[in-house]
Amino acid sequence: MTQLTPIAQAARAPEPQAPRLTRRQKAAIVVRFLLNEGAPLSLSDLPEDLQAALTQQIGRMRLVDRATLAQVIGEFAQELEQIGLSFPRGLTGALSELDGRISARTAARLRREAGVRQLGDPWDRLRALDLPALLDIVDRESTEIAAVVLSKLDTPRAADLLGALPGERARHLTYAVSQTGTITPDAVYRIGLSLATQLDDVPERAFADAPDRRVGAILNLSPSATRDALLQGLEEEDSAFADRVRKSIFVFADIPARIAPPDIPRILREVDQPTIVTALRFSADAGADARDAAEFVLSNISKRMAEGLREEMAELGPVREKPGEEAQNALIAAIRTLESAGEIALQTREEPDDAG
């Protein structure tokens, strides 16, 4: 009987328990199971450290019995069923989710505080830049760096960028692309990180528009005598700034050169008819350019409406300077409002030919 005691004790002893699995081991089992089942599984969106940890864990695993597999998959399915809401991981996902719903100023501050490295692939930000911003990067960087930028863009964007560059610069840049065959992924990442950091290393501006555009907008609605006097004073102080201000000014006489004929009826709908009649009648006595602008307006509306306006202009008689300029400014303000709303587009002012 004494000899049977160990056997009896062994029979009464509980069966050995399966080793307790860590969450990382369970994740490795789930991934291996899904891959075996042919599931279209992509792990590239995971942070690099998690991708590396998962790959290493899978490399350390050996055999898993059916009971353990069933238990792990069951736990995984149960966790999925209990999920009611998921949030994006990290600041990158949060900023993407809230894009357009928080102010650009707040988004820029968050990027600066968190650092570009925490915001995912820097090339995603660089590829999203508009053409002028990309041209600015290419202009200030070396040919080798610009070649990397060109190579990381989508083909249509790269073609647009090359087309916007001077011929010699475009040729040098195209040749430099041929020298990028041996560059490492880490070097490309560090280049993108440096360029993206420069995007955030820009001081906040209190005003969205440049100074010349702000002054031009003010002078647009100023009396002509005030505008002329201020422009003359600016010319004496800073001729280059004065020239930029002149280019940003839009006055009544600029209408034929800057407004497309089909937009005239849309503009007039924003202004009451007495104001239109006053502006047009005042223009008839305000010089050749103003008369041409008034005639341009009348020529691009319906014949019946134009005849009605002409009759009212004749009945109105001469208009004093102050109410005349106020009426013209009301038309200019309507044009600016429609432009800001994207409902009309101002045509580019043609520069005078210095060689002629």
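## Exercises: a cavity, a helix pair and a buried glutamine

By class, seven nonpolar residues line the largest cavity, with no polar and no charged ones (nonpolar: Ala, Val, Leu, Ile, Met, Phe, Trp, Tyr, Cys and Pro; charged: Asp, Glu, Lys and Arg; polar: the others, Gly among them). The model is predicted: local features need pLDDT of at least 70 and side-chain atom pairs pLDDT 80 or more, while totals for chains, interfaces and linings use all residues. Residues are numbered from 1 along each chain as its sequence is written, and side-chain values use heavy atoms, without hydrogens and water.

**Exercise 1.** Find which residues line the largest cavity.

*Solution.*
1. A cavity is a set of points on a 1 Å grid over the protein atoms alone where a 1.4 Å probe fits but cannot get out; lining residues have an atom within 4 Å of a point.
2. The lining is Ile 255, Ile 264, Ile 267, Leu 268, Val 297, Leu 331 and Ile 335.
3. Helix 17 (264-268) and helix 21 (321-340) each give two or more residues. Helix 17 gives the most, with three. (Helices are DSSP runs of H or I, at least four residues, numbered from the N terminus.)

**Exercise 2.** State whether Gln 57 is buried or exposed, and list its contacts.

*Solution.*
1. Locate Gln 57: it sits in helix 3 (residues 48-60).
2. Its relative accessibility is 7%, so Gln 57 is buried (under 20% relative accessible area; exposed is over 50%, partly exposed in between; 1.4 Å probe, protein chains only).
3. Set aside neighbours within four places in sequence; Gln 57 then contacts Arg 24, Gln 25 and Ala 28 (heavy atoms within 4.5 Å).

Methods. On a 1 Å grid over the protein atoms alone, a cavity is a set of points where a 1.4 Å probe fits but cannot get out, and a pocket is an open set with protein on both sides within 12 Å along at least five of seven lines; lining residues have an atom within 4 Å of a point.
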